[in-house]
Amino acid sequence: MDQRREEVEELLLYRDLVPLLEEALGKFSTRDTEEVIQSVRTAVPLSKHSGFMLLMPTYMEKDAVLCTKFVCMYKREEGSTLPAVNATVVLLDPERGNVKAVMDGEVITAMRTAAVSAISSKLLMDPGAEVLTILGTGTQALSHYNVFTEMFSFKEVRVWSRSIERAESFVRSLKGPVTVSSSVEEVVRGADVIVTVTRCTEPILMGRWVKPGAHVAAVGACRPDRRELDDTLMKEAVVYVDSREGAMAESGDVILSGAEIFAELGDVINRVKPALRNKTTVFKSLGMGIEDAVPAKLIFDKWKAKSSSL
């Protein structure tokens, strides 16, 4: 099976994906090798092209899922027509080792990343949260807007971009009313939930701007020398991650600030660690192979069911 972007978009829905990912995050944090075997992803520098390739394999024995994602990420010049990210997800038969399906990985990556951020907010944000701020206007900004407005009832949504033209263009593609600003401080002040989905390599979100008790889902800066959040925010907030090993190896926000990781999201799901909603919280998202394996299996199962009914 070779599934293109349009087919993946048709078969992958947040209402199906979110509960499955929540369950998978819990399984990962048990460190039960019969549930999940997953190493920290391998990064191969592509120095000549200002990028790197990531390889993200996962094996879920009880669920009979063997999967890997190949993703290439680049730092493109302003105005470049080349893609900044290119991803492919491969689903294999764990018994025979043959390829069962090859899928467009960009939609899977965008949707599963946003879904996990939404799970972090479901667990950690103030239940009365009214204001959502999104820093960034790329693919991840759109997927986060879609799932956050589908799952939660925010009274106000704010968006920031370095380019006011890009921000206004982004907002025109959305369904609901959104406030645009060229000032990070302006859109962050008073926000209950802040999503950072930028390509920034230096801190752009300052702790002094963040409302006490706010929840931050930090998605960009996925390399050890890159950051989106400053030391003040990282050290004063309670920090949650998807994977401790991943964060300690790859997150510049964690490594460079010296911040302590309080828990994985799976620890909260498994009730091993508490969800400290009354505190300022940061969920540092790196992404994991299991987060690709779950939607890949979901898509494949839906495709099989659809094909058998024809």
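This is a predicted model: local features need pLDDT of at least 70, side-chain atom pairs count only at pLDDT 80 or more; totals for chains, interfaces and linings use all residues.
- Leu135 and Thr196 bring us to strand S7 (residues 131-135) and strand S10 (residues 193-196), which pair in the parallel sense over four bridges.
- Here is a handy rule for looking at any sheet: in a regular strand the side chains alternate between the two faces.

- Strand S2 (residues 42-46) pairs with strand S3 (residues 51-60) in the antiparallel sense, over five bridges.
- To find this pairing on screen, look for Val44, which stands opposite Met53 in S3.
- S2 and S3 form a hairpin with four residues between them. In its turn, Ser50 has a positive phi of about 55°.
- S3 also runs antiparallel to strand S4 (residues 65-74), and 10 bridges join these two strands.
- Met60 has Val65 in S4 as its bridge partner.
- S3 and S4 make a hairpin too, with four residues between the strands. Ala64 in that hairpin takes a positive phi near 55°.

**Salt bridges**

- Side chains of opposite charge can pair when their charged atoms come close.
- How many salt bridges does a search of the whole structure find? The search finds 23.
- One of them joins the side chains of Asp16 and Lys302, at 2.6 Å from N to O. This pair links distant parts of the chain, with Asp16 in helix H2 (residues 14-30) and Lys302 in helix H11 (residues 289-308), 286 residues apart.
- Asp16 is partly exposed, with a relative accessible area of 24%. Lys302 also counts as partly exposed, at 24% relative accessibility.
- Another salt bridge brings together the side chains of Glu35 and Lys62, at 3.6 Å from N to O. Because Glu35 lies in the loop between H2 and S2 and Lys62 in the loop between S3 and S4, the pair ties together parts that are 27 residues apart in sequence.
- Is Glu35 buried or exposed? Glu35 is buried, because its relative accessible area of 14% is under the 20% cut-off.
- Lys62, at 52% relative accessibility, counts as exposed, because exposed means over 50%.
- Lys69 forms a salt bridge with Asp292, and their closest N and O atoms are 3.1 Å apart. Here, too, distant parts of the chain are linked: Lys69 is in strand S4 and Asp292 in helix H11, 223 residues apart.
- Lys69 and Asp292 are both buried.
- The Lys69 and Asp292 pair belongs to a network of salt bridges that also links Arg112 and Glu291.

**The second largest pocket**

- Rolling a probe the size of a water molecule over the atoms shows where empty space is left.
- The second largest pocket has a volume of about 240 Å³.
- Its lining is made up of 19 residues, and Phe28, Gln38, Ser39, Val40 and Ser243 lie nearest the centre.
- S3 and helix H8 (244-250) each supply at least two residues of this lining.
- Which element gives the largest share of the lining of the second largest pocket? That share, three residues, comes from H8.

- Ser121 sits in helix H3 (residues 105-124). At 0% relative accessibility, Ser121 counts as buried.
- Leaving aside neighbours within four places in sequence, Ser121 is in contact with Phe148, Phe152, Val193, His215 and Arg277.
- Ser308 is found in helix H11. At 61% relative accessibility, Ser308 counts as exposed.
- Ser308 and Val216 are 92 residues apart in sequence, and their C-alpha atoms are 43 Å apart in space.

Methods. Residues are numbered from 1 along each chain as its sequence is written. Side-chain values use heavy atoms; hydrogens and water are left out. Buried means under 20% relative accessible area, exposed over 50%, partly exposed in between (1.4 Å probe, protein chains only). Contact means heavy atoms within 4.5 Å. Two strands pair if DSSP finds at least two bridges between them. A salt bridge is a side-chain nitrogen of Lys or Arg within 4 Å of a carboxyl oxygen of Asp or Glu. On a 1 Å grid over the protein atoms alone, a cavity is a set of points where a 1.4 Å probe fits but cannot get out, and a pocket is an open set with protein on both sides within 12 Å along at least five of seven lines; lining residues have an atom within 4 Å of a point. Grid points are joined across faces, edges and corners, and a volume is the space filled by probe spheres set on the points.
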